[in-house]
Amino acid sequence: MAKNRAKDAGKDAVKRLGWWRAHRFLILRRVTQVAILLSFFTGPMWGIWIMKGNLSASVLFDFIPFTDPLIAAQSLATGHVFEASGLIGLLVVIGLYALIAPRTFCGWVCPMNLVTDLAAWLRRKLGLKVSFAWPKSLRYWFLAALVMGSGVTGSLVWTWLDPVAAFHRGLIFGFGAGIWLVVSVFVMDLLLVEHGWCGHLCPLGATYGLIGSQSLVRVKAVNREACTKCMDCFNVCPEPQVLRQPLKEGDRKVMDRDCISCGRCVDVCAEQVLGFRTRIGAEDEG
């Protein structure tokens, strides 16, 4: 089978499997992202407090705390000592995302994923070519620089630069100057660097990549022999390099910590080569 054009990714899956099967993980992710946004929205708007706080520090039903691990790392670097609720929230987040799947926060929770997915979709449909290529390791260097910078300055450096928090606040409370951080990410992803934010730069993604590096659920080439090399999965994946090894010889599971577990590669594969599986106790299929 000939290589498909990027803008046609998923069309074969729609024809063969139907619209829902070709979009199910995308739709489930959007429902999850919107539901999480609404859980913050209901309190200030209608007095129904599901989630209090923000993505940096929040509490569910006034009972379960959540603490952003990147903010926590910077806070510890400044010498800040956590209160019990903050420490419990950090342990809850680390435990949850270490268990589920790689970078689940990035694919299923982070509101900036809506922006970067839109940029990627437009780039494919318009046939735009990017101008720059950045190393994948850049986000980890950026993460280290933020933590060290916080230790040197005694302040949380990332709070001044974070488009994720700016977009979340804007959606809930209205946009201010932070909108320019969001616009900058969109323009960068659309015109300058393919998957520039999620795939190369975001230190929060780097943090969750480290946390989820040994998590249980993985994308797996369950029917590798049926692959036609149409490239649809590579065209939609925000981290396409993670698919190279599983689709060739060796381990069929995507073990790369940079996978965001979004499931789009599963959706768009008309041959049903890929699927979600646990990494423990499952025999290769196909």
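This is a predicted model: local features need pLDDT of at least 70, side-chain atom pairs count only at pLDDT 80 or more; totals for chains, interfaces and linings use all residues.

1. Is histidine 195 buried or exposed? It's buried: the relative accessible area is 8%, and the cut-off for buried is under 20%.

2. Lysine 229 is another one to click on, with a positive phi of about 60° although it is not a glycine. You'll find lysine 229 in the loop between strand S4 (217-221) and helix H12 (232-236). Lysine 229 counts as exposed, because its relative accessibility is 62% and the cut-off is over 50%.

3. The patch is made up of Leu126, Leu128, Phe132, Trp134, Trp180, Val183, Val187, Leu191 and Leu192, and together they have about 820 Å² of accessible area. Leucine 191 lies in H9 and is partly exposed, at 41% relative accessible area.

4. On to the inside. The largest nonpolar core has 25 residues, and those touching the most other members are Tyr97, Phe105, Met112, Val164, Trp197, Leu204 and Tyr208. At least two residues each come from H4 (84-99), H6 (112-126), H7 (138-153), H8 (163-173), H9, H10 (196-201) and H11 (203-211). H11 supplies the largest share of this core, four residues.

5. What does tyrosine 208 touch, leaving aside its neighbours within four places in sequence? Its contacts are Pro69, Val93, Tyr97, Arg103 and Phe105. Apart from this core lies another one, of 17 residues, including Val219, Leu243, Val273 and Leu274.

6. Finally, the overall picture. The protein has 13 helices and five strands. The radius of gyration is 19 Å, close to the 19 Å that the globule rule gives for 286 residues, so the protein is as compact as a globular protein of that length. The C-alpha trace spans about 55 × 45 × 40 Å along its principal axes, and 46% of the 286 residues count as buried.

7. Two more numbers for your notebook. Among contacts with a separation of 6 or more, 73% are between residues 24 or more positions apart. The accessible surface comes to about 13900 Å², with 67% of that belonging to carbon and sulfur atoms.

Notes
Residues are numbered from 1 along each chain as its sequence is written. Side-chain values use heavy atoms; hydrogens and water are left out. Patches are made of residues with over 30% relative accessible area and no salt bridge: like charges are joined within 9 Å, nonpolar side chains (Val, Leu, Ile, Met, Phe, Trp, Tyr) within 5 Å. Accessible areas come from the Shrake-Rupley method with a 1.4 Å probe; for residues, only the protein chains shown count as cover. A salt bridge is a side-chain nitrogen of Lys or Arg within 4 Å of a carboxyl oxygen of Asp or Glu. Buried means under 20% relative accessible area, exposed over 50%, partly exposed in between (1.4 Å probe, protein chains only). The radius of gyration is taken over C-alpha atoms; the globule rule is 2.2 Å times the number of residues to the power 0.38. Contact means heavy atoms within 4.5 Å. A nonpolar core is a set of buried Ala, Val, Leu, Ile, Met, Phe, Trp, Tyr and Cys residues joined through side-chain atoms within 4.5 Å.
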